[in-house]
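Dear colleague,

Please read them beside the model.

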Amino acid sequence: MKIKQLTFSLIGTIFRIVVVIVLALFIYKAGLKAYDFGYRIFAEEPMSVEPGRDVDVTITQGKSVMDIGKMLQEKGLIKDAQLFYVQEKLSSHKGKIQPGTYTLNTSMSTEDMMKIMAANAPEDGEESDNTEDTSAAENTSEQPIDPATVDMPIDDAPAENAAPAAEEGATE
C-alpha cells in the first residue's frame, strides 16, 4: 500500500511540475508577443526601403479605421491591420482620416501615411475641416488674450482691468 501511495504522490508531483512548466512557457510566449506588439506600435518599420513603390488607395466615406487598416494590409503598405488600428487611436491623427484617393508608398511609415490621409480634405473640395484645425493650432501657440479688453477700444478700457488680468496670467 505504501508503494501505491508513493507512486501516486510521485506522479502527482511530476504532473504539477509539468503544469507549472507549461504555464511558465505560456506566460513567457504571451509576454514576448505583447512586448513585440507594443514595441511595433511606436517603432514599426516601413514595408520596404526607399524608393519603394507607389500604391493608390481610395478611402470612402464611412470606412472604419480597421477597414482602412485591412485595405492597407491587402495592398502591401502595412504588415498588420490591428496594429494600424491601435497606432491610429494613439496618434495625433485620431479620427482625422479623410475620405479621398491617396498615393502612398511602401517606404512610408504608418505615421507618414496617417499624416497624408488626415491632412487632405475630401475630394469634393470641402476645406472647412482643415481651416478649423489650422486656426485652432495657431491659437494654441499664441499667448492668451484678456477677454475684458478684447471688445473694448484701448481708450475706453478702465485701468482697474489691467491689475486683475496680470494676476490671472500669473496664476495660470
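A salt bridge here is a side-chain nitrogen of Lys or Arg within 4 Å of a carboxyl oxygen of Asp or Glu. The model is a predicted one, in which local features need pLDDT of at least 70 and side-chain atom pairs count only at pLDDT 80 or more, while totals for chains, interfaces and linings use all residues. Residues are numbered from 1 along each chain as its sequence is written, and side-chain values use heavy atoms, with hydrogens and water left out.

The whole structure holds 4 salt bridges. In one of them aspartate 36 pairs with arginine 40, with 3.9 Å between the closest N and O atoms; both residues belong to helix 1, 4 residues apart, or about one turn of the helix (helices, H or I of at least four residues, and strands, E of at least two, are DSSP runs numbered from the N terminus). Arginine 40 also meets the side chain of glutamate 44 in a salt bridge, at 2.9 Å from N to O. Glutamate 44 in turn forms a salt bridge with lysine 79, where the closest N and O atoms are 4.0 Å apart. Because glutamate 44 sits in the loop between helix 1 and strand 1 (54-59) and lysine 79 in the loop between helix 2 (65-74) and helix 3, this pair ties together parts that are 35 residues apart in sequence. Through shared partners, Asp36, Arg40, Glu44 and Lys79 are joined into one network.

As for accessibility (buried means under 20% relative accessible area, exposed over 50%, and partly exposed in between, with a 1.4 Å probe and protein chains only), arginine 40 is buried at 19% and glutamate 44 is buried at 15%, whereas aspartate 36 is partly exposed at 38% and lysine 79 is partly exposed at 45%.

Turning to the helix packing, helix 3 and helix 4 (residues 110-119) pack at an angle of about 65° with their axes 11 Å apart, where axes are lines fitted to C-alpha atoms, for helices over the stretch in contact, and angles run from 0 to 180 degrees between N-to-C directions. In that packing, Phe84, Gln87 and Glu88 of helix 3 meet Thr110, Met114 and Met117 of helix 4, a contact being heavy atoms within 4.5 Å. Serine 91, which is placed in the loop between helix 3 (81-90) and strand 2 (100-105), is buried at 16% relative accessible area and touches Glu111 and Met114, leaving aside residues up to four places away in sequence.

Best regards
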